[in-house]
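Subject: Structure handover

Hello,

Here is the structure for you to look through. My notes on what was found follow below it.

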Amino acid sequence: MQVQFLGATGTVTGSKYLVNAGRKKILVDCGLFQGYKQLRLRNWAHLPVSPAAIDAVVLTHAHLDHSGYIPLLVKSGFKGKIYCSEATYDLCKILLPDSGHLLEEEAAYAERHGFSKHKPALPLYTQDDARHSLHFFAPVKFDQRFNPIDGLTGRLIHAGHILGAGILTLDNGATTVTFSGDLGRPNDPVMLPPAYIERSDYLVVESTYGNRRHDPADPMIILGNTIRETVARGGVVVIPSFAVGRAQELMYYLHQLKQSGAIPRLLPVYLNSPMAVDATVLYRKHRSDHRLDIEQCTAMCQAAKIVNSVEESIALNQQRMPMVIIAASGMATGGRVLHHLKAFASDPRNTILFAGFQAGGTRGAAMVAGAEAIKIHGEYVPLRAQVVQIENLSAHADGEEILAWLSHFQRPPRKTFITHGEPDAADALRRSIEERLHWQCEVPEYLSTAELT
């Protein structure tokens, strides 16, 4: 086998790994690039392989940096099957059409207001493109072997992280290669811990937090303190959140904070993301993917008032009383949260609370770094609100947790490829693995190729 790294190198986005197995080609993950413009431009560039020449796709999970390129892949000629867990398929049915819808909205807005450099402004793909791509999915069960192509066996086991997230192993009978996908945390309050791998000839492991250790402080306490302080100022808490995983964990925490009296029980909490609402329902369907029982799932679902219409969303921006608004996207790159930022970011009474990692080049990263203004829809909005980041709300394992997961291998892989991290995080994890486990490691470059012999 041979693997070519088409994404998630030097960045946490655009995950794509092209596996050549004889004359067949498999794409492991099919994600969008996000963040810096030079990365986003890669979404518009042709892949180094024709989509029609790819025989199958296997997804580790549904987040758009791992699945969001699928509609364009299908639109460009891919004809094979897309394998993933059952929960990942259910989430993609929500995420991909929503992504297409947002891309259409952004293109239309750019066209109306004349700030696109292209005439006419076109989306990368449409909602219809996304819906069409769903016909190519072939969901599989965890821990059961499947054959994406003749002569190659695949198996997904639980990775934690979000519903349906899997660790993928491919086996051609002579060589095995494992892709960690995004590894969850061992003690996440909602998701199961990542399952252990005992052996694999080659390993591709993520490194999002490879250079740091999560704060051991209880994130629920930090969340409660931040909300109370903002309410005392008469302000609004706006939480840009990923619709899948992060939004549900936040609602679980908010329910507990209200039940304990840590925040006012009558404080209005709004979930302004139709996609997050649909995703939350799936926690009841896929009970074996997480720790919550039916009662806890119900409480989580009822922790926020659902904002369904655009009119309701706009009306929130006219309110000036304390409240909490959870809205996508998690790095403030698009979606309804942009309109809330335009409405509330300039008022020092308010708080913009980021719950997790902010990729370089995103608005979220700029705000956390202390930007005085943020550009939204072609205009600069002053940033006077307090900006808070709770990094240990992350659904990603930190450097020590990754090393603990790796320690369960009974023998070292022949080589470990470290991806899905900013350069400093990937290199820090490389050093840690080499120095503490004495494994052979490599941080691959974009479009580089490795032989798996």
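Predicted model: local features only at pLDDT ≥ 70, side-chain atom pairs only at ≥ 80, totals over all residues.

R155 sits in strand β8. Apart from neighbours within four places in sequence, R155 contacts D143, Q144, R145 and F146, and also I167, L168 and T169. A52 is 103 residues away from R155 along the chain, and 24 Å separates the C-alpha atoms of the two.

R155 also belongs to the second largest pocket. That pocket holds about 240 Å³ of space. It is lined by 13 residues, and those closest to its centre are R145, R155, T169, T176 and R199. Strands β8 (152-158) and β9 (166-171) are the elements that each supply two or more lining residues. Sorted by class, the lining has seven charged, four polar and two nonpolar residues.

The other item is helix α13, which spans residues 399-406. Is α13 largely enclosed by the rest of the structure, or open? It is largely enclosed, because six of its eight residues are buried. The buried ones are G399, E401, I402, L403, W405 and L406. Among the elements covering them are β9, β11 (202-206) and α14 (423-436).

Regards

Methods: Residues numbered from 1 in each chain as written. Heavy atoms only, no water. 1 Å grid on protein atoms, 1.4 Å probe; cavity = no way out; pocket = protein on both sides within 12 Å on 5 of 7 lines; lining within 4 Å. Points joined across faces, edges and corners; volume = space filled by probe spheres on them. Helix = DSSP H or I, 4+ residues; strand = E, 2+ residues; numbered from the N terminus. Nonpolar A, V, L, I, M, F, W, Y, C, P; charged D, E, K, R; others polar. Contact = heavy atoms within 4.5 Å. Buried < 20%, exposed > 50% of the residue type's maximum accessible area, 1.4 Å probe, protein only.
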